[in-house]
Amino acid sequence: MFKADLIERAARFRSAEEDHARSPQSCPALVLNADYTPLSYYPLSLWPWQTAIKAVFLERVDVIESYDRAVHSPSLDMPIPSVIALRQYVKPSQFPAFTRFNLFLRDRFTCQYCGSPQSLTFDHVVPRRLGGKTTWENILTACAPCNMKKGGRTPQQAHMNVLCKPIRPTNWQLQTRGKGFPPNFLHETWRDWLYWDVELEA
């Protein structure tokens, strides 16, 4: 249900016809790398309108699409960018930081023992008291009930199956995971630059 709700939200691209009613503060720019792929899928690479316009004036980005809104000054009127592309390619690092958020994303925000998306925490597969280390390969997402059930034992000792063996993911793998969790706001001008495996409304 959790993932289904997110996918349903992804299909609801906001129409450009709504732009005239939007405040500039709610007009973020989708940031693409120089190869026209998003810098990040999860979290989605977005800049506030002020940052986007500053980058345009500094000639660091090209404007690909714009909102039907403009900002005004005594000397110019400028449409607010909705999609921008960096002029200089930013090479992504191969491996992501080892954080709780990235761990949950690797495991698709589900308990790796029972599949529940509720009350998530993390668990040492080999407990620390048995020499287990806090590494990608020994930590997985677990709901609180499963974590308590397992206690200070290994999954084998607790007779609990692990759904997916924990691995150290690459940034590419995490970005692929992130495509399954679209954000709440998606503007229609972003449609051609985002590639989630969902059926979008015509």
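Modeller: Tryptophan 193 has a relative accessibility of 16%, so it counts as buried (under 20% relative accessible area; exposed is over 50%, partly exposed in between; 1.4 Å probe, protein chains only). Tyrosine 36 reaches 33% and therefore counts as partly exposed. This is a predicted model, where local features need pLDDT of at least 70 and side-chain atom pairs pLDDT 80 or more, while totals for chains, interfaces and linings use all residues. Residues are numbered from 1 along each chain as its sequence is written, and side-chain values use heavy atoms, without hydrogens or water.

There are four aromatic pairs in the structure (Phe, Tyr or six-membered Trp rings with centres within 6.5 Å; planes under 30 degrees apart are stacked, over 60 edge-to-face, the rest tilted). One of them joins tyrosine 36 and tryptophan 193, tilted, with 5.7 Å between centres and 40° between planes. This pair links distant parts of the chain, 157 residues apart. Tyrosine 36 lies in the loop between β1 (29–32) and β2 (46–47). Tryptophan 193 lies in the segment after α5 (171–178). Helices here are DSSP runs of H or I, at least four residues, and strands are runs of E, at least two, numbered from the N terminus.

Phenylalanine 101 and phenylalanine 109 form an edge-to-face pair, 6.0 Å centre to centre with 65° between the planes. Phenylalanine 101 is partly exposed, at 37%. Phenylalanine 109 is buried, at 12%. Ring pairs tie Phe101, Phe104 and Phe109 into a cluster.

Aspartate 107 sits in the loop between α3 (100–106) and β5 (120–124). Its relative accessible area is 7%, so aspartate 107 is buried. Its side chain makes a 2.9 Å polar contact with that of arginine 106 (N or O atoms within 3.5 Å; within protein, one able to donate a hydrogen, the other to accept it; sequence neighbours count only if both are side-chain atoms). Leaving out residues up to four places away in sequence, aspartate 107 touches Gln112, Leu140 and Thr141 (contact means heavy atoms within 4.5 Å).

Another ring carries a charge. The charged end of arginine 168 sits over phenylalanine 95, 3.7 Å from the ring centre (NZ of Lys or CZ of Arg within 6 Å of the centre and within 35 degrees of the ring normal).

Now the whole chain. The protein chain has five helices and six strands, in the order α-β-β-α-β-β-α-β-β-α-α. Of its 202 residues, 41% count as buried. Among contacts with a separation of 6 or more, 65% join residues 24 or more positions apart.
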